[in-house]
Amino acid sequence: MPVINVEDLTDLDKAKMEVTQLKIEVTLERAKVSKCCEEISEYIQSGADEDPLVKGIPEEKNPFKEKGGCVIC
């Protein structure tokens, strides 16, 4: 897809691009935010048992644990 420099376009070309974009957007299926929030919440909660950010990583399986202490004398 070629890169278009909008500054080089005429006002008519800009208007045509905007109309094209609006035609695409008008065909998108809309959903209520409340329904989407419920679905996202259910999805997150369904995977919370395996999520290391929620559950944490066991020390024996953590590849980033400190292997030794740092001592400054």
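I started at Ile44, which lies in helix α2, residues 33-46. Helices here are DSSP runs (H or I, at least four residues), numbered from the N terminus. The model is predicted: local features need pLDDT of at least 70, side-chain atom pairs count only at pLDDT 80 or more, and totals for chains, interfaces and linings use all residues. Residues are numbered from 1 along each chain as its sequence is written, and side-chain values use heavy atoms, with hydrogens and water left out.

I found Ile44 exposed, because its relative accessibility is 54% (buried is under 20%, exposed over 50%, partly exposed in between; 1.4 Å probe, protein chains only).

Salt bridges. I counted one (a side-chain nitrogen of Lys or Arg within 4 Å of a carboxyl oxygen of Asp or Glu). Lys35 pairs with Glu39, the closest N and O atoms being 3.8 Å apart. Both lie in helix α2, four residues apart, about one turn of the helix. Lys35 is partly exposed at 48%. Glu39 is partly exposed at 43%.

I searched the whole structure and got zero (cysteine sulfur atoms within 2.5 Å). Cys36 is in none; its nearest cysteine sulfur, that of Cys37, is 6.9 Å away. That is too far for a bond. Cys36 is partly exposed at 29%. Cys37 is partly exposed at 45%.

Conventions
Helices (H or I, at least four residues) and strands (E, at least two) are DSSP runs, numbered from the N terminus.
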